[in-house]
Amino acid sequence: MIDAARVTQALAERHIHPDLRQREALAALTRLMPPRHGQPAFDGVYCYGLPGRGKSLVVDAAFAVAVCEKRRVHFHEFLRDIHRQLVREPKCDDRLAAVAHRWLDGVELLCFDEFHVHDIADAFLIGRFLDIALARGVRLVLTSNYAPQQLLPDPEFHERFEPTIAVILQRFAIVHFDGATDYRMGGEAATITRWISPLEAARHILPTRYQVLEGMPPNAPTNVSLAGRTLPAKSAGNRVLWASFDDLCVAHRSHLDYLSLAEQWQTLIVDDLQVDQLRRPDTLQRFLWLIDICYDRHRTLLIASDAPLIPALDALSDWRDLSRTISRLAEMGSLDYERRTLVRGR
């Protein structure tokens, strides 16, 4: 079950007093996981809205106190895991069902963070997976920047995902986080500046930052392996990886590379970002994946650019998911985020 009082206390410890939508989500989550002999009011909770409105704050706090067999996963990580298992699964009539049942074994509560569907192949996979999870009686919590009706927005494929959207609308409590406050903005700045410009200043600052974070000076340039592919690194230590923006985001990479990176290093230094490069859709998309994964894994991130980074991103605000990235960068540059990463990195 989920104790609403314990969730409220956890939020209060972060100086957050739940607004109307957060209270609605908390009430829905409490009804989703009632005491052992109670009857759930619905099969899932779908929390969506603008970035930074407290969706993950409430869901993470509720997940932490939930008394059941539970699993929380970022959507990128889930897709990677399922695809890997599908490749290894022996041939059978329905490999996806076999993998899904095994993946869900013993899980009573499953939380997906940053749920989205942009690709028709992923749409087919997640639609089948949700059907299987619901049939098993798994309680589902999804956080997203998109309303259910906005999932898989490509008009060529949207109709094929409508049955899954209908399931979400029928079987989930839908909570729209539409509050005015972005909880990631306006926090006290971190003790170490995270977004550094211009590049001339960064050339003097970054070696010192590397030494502070790694505990020793940068070593010689080397190559490291990410998901089986080579990445040139300016320096790679036990805790800190220092690499150029070109090699990280201009080169052809996927979210699998960034998941591998976040698993190996606690801190990433991204150097030599020319903000005009962000106007290329493929480069920008890779950059967004990198930020998402570093944020979700609570990694320390430093970025050196030729011009201020967040204003440059603001100028591209018509790109999908960009508001989420700007909000996350604001939080990642805060003292509160710095403290949380220090605790997790010990």
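1. Helices (H or I, at least four residues) and strands (E, at least two) are DSSP runs, numbered from the N terminus. This is a predicted model: local features need pLDDT of at least 70, side-chain atom pairs count only at pLDDT 80 or more, and totals for chains, interfaces and linings use all residues. Residues are numbered from 1 along each chain as its sequence is written, and side-chain values use heavy atoms, with hydrogens and water left out.

2. Two strands pair if DSSP finds at least two bridges between them.

3. Strand 2 and strand 3 (residues 109-113) run parallel and are joined by five bridges. Val73 stands opposite Phe112 in strand 3.

4. Now the helices on this sheet. Contact means heavy atoms within 4.5 Å. Axes are lines fitted to C-alpha atoms, for helices over the stretch in contact, and angles run from 0 to 180 degrees between N-to-C directions.

5. How many cavities of 30 Å³ or more does the structure hold? It holds one. On a 1 Å grid over the protein atoms alone, a cavity is a set of points where a 1.4 Å probe fits but cannot get out; a pocket is an open set with protein on both sides within 12 Å along at least five of seven lines; lining residues have an atom within 4 Å of a point. Grid points are joined across faces, edges and corners, and a volume is the space filled by probe spheres set on the points.

6. The largest cavity contains about 50 Å³ of space. Its lining includes Ser56, Arg72, Phe112 and Val141. Helix 3 (55-65), strand 3 and strand 4 each give at least two residues to that lining.

7. The second largest pocket has a volume of about 400 Å³. It is lined by 20 residues, and the closest to its centre are His76, Leu79, Asp122, His255 and Trp289. Helix 4 (75-88), helix 10 (255-264) and helix 11 (281-296) are the elements that give two or more residues to the lining. Which helix gives the most? Helix 4 does, with six residues.

8. Two of these helices also meet. The axes of helix 4 and helix 10 come within 10 Å and cross at roughly 105°. That makes helix 4 roughly perpendicular to helix 10 (angles under 35 degrees count as roughly parallel, over 145 as roughly antiparallel, 65 to 115 as roughly perpendicular and the rest as oblique). His76, Glu77 and Arg80 in helix 4 meet residues of helix 10, among them His255 and Glu263.

9. Strand 10 (residues 240-244) pairs with strand 11 (residues 267-273) in the parallel sense, over five bridges. Ala243 has Val270 in strand 11 as its bridge partner.
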